[in-house]
Amino acid sequence: MPKFHKLIYHNFIRPTRLKQEAEIVNKLPGKTILEIGYFDDSFKKLIRPDFIYTGIDPEPTKYIKGMPIVSVENYEPGKKFDIVVASNILEHTTDPVAAFKQIKKLAKKYI
């Protein structure tokens with residue numbers, strides 16, 4: 001990613017997108033939320049504090065203590081989540097179709 005694009009994306013586009021996504025998610029009923037590809041803890045800071053949050057990422061830039069470092073294709077938590085957030089991640093997977101099938105398996109109610 002060119003430096004200028006990175007600057008624009010990380011300072012303007014991504015924060016705006018995360019705020020908009022959080023506004024939607026915060027209106028949804030449910031307790032458990034899985035964020036796939038959390039990158040850092042920016043989204044976690046924007047969602048309701050009553051969510052039971054889990055984040056996964058194979059290469060996070062900022063590690064969230066206790067969160068698995070794993071790709072969505074290899075994540076098998078043995079449970080489903082009320083809400084699964086997978087924003088801007090499919091293009092980073094080796095098999096987007098398999099990744100989306102896994103995301104569908106992880107979601108109880110909302111993707």
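You're looking at a predicted model, where local features need pLDDT of at least 70, side-chain atom pairs count only at pLDDT 80 or more, and totals for chains, interfaces and linings use all residues. Residues are numbered from 1 along each chain as its sequence is written, and side-chain values use heavy atoms, leaving out hydrogens and water. Helices (H or I, at least four residues) and strands (E, at least two) are DSSP runs, numbered from the N terminus.

**The largest pocket**

- The largest pocket has a volume of about 610 Å³. A pocket here is an open set of points on a 1 Å grid over the protein atoms alone, where a 1.4 Å probe fits, with protein on both sides within 12 Å along at least five of seven lines. Grid points are joined across faces, edges and corners, and the volume is the space filled by probe spheres set on the points.
- Its lining (residues with an atom within 4 Å of a point) has 28 residues, and G37, D57, N88, I89 and H92 are the closest to the centre of the largest pocket.
- Sorted by type, the lining has 12 nonpolar, 9 polar and 7 charged residues. Nonpolar covers Ala, Val, Leu, Ile, Met, Phe, Trp, Tyr, Cys and Pro, charged covers Asp, Glu, Lys and Arg, and the others, Gly among them, are polar.
- Helix 1 (3-26) and strand 1 (32-36) each supply at least two lining residues, and helix 1 gives the largest share, with 6 residues.

**Helix 1**

- Helix 1 has 24 residues and reaches 33 Å from its first C-alpha to its last, close to the expected 34 Å. That expected span is 1.5 Å times one less than the number of residues.
- At Y9, helix 1 bends by about 45°, taken as the angle between axes fitted to the seven residues ending there and the seven starting there.
- Y9 is also one of the buried residues of helix 1, along with R14, R17, L18, E21, A22 and V25. Buried means under 20% relative accessible area, exposed over 50%, and partly exposed in between (1.4 Å probe, protein chains only).

**Loop residues**

- K27 sits in the loop between helix 1 and strand 1 and is exposed, at 71% relative accessible area.
- F39 isn't a glycine, yet has a positive phi of about 65°; this residue lies in the loop between strand 1 and helix 2 and is partly exposed, at 27%.
- N88 has a positive phi of about 65° too, although N88 is not a glycine. N88 is in the loop between strand 3 and helix 3 (96-106) and counts as partly exposed, at 36%.
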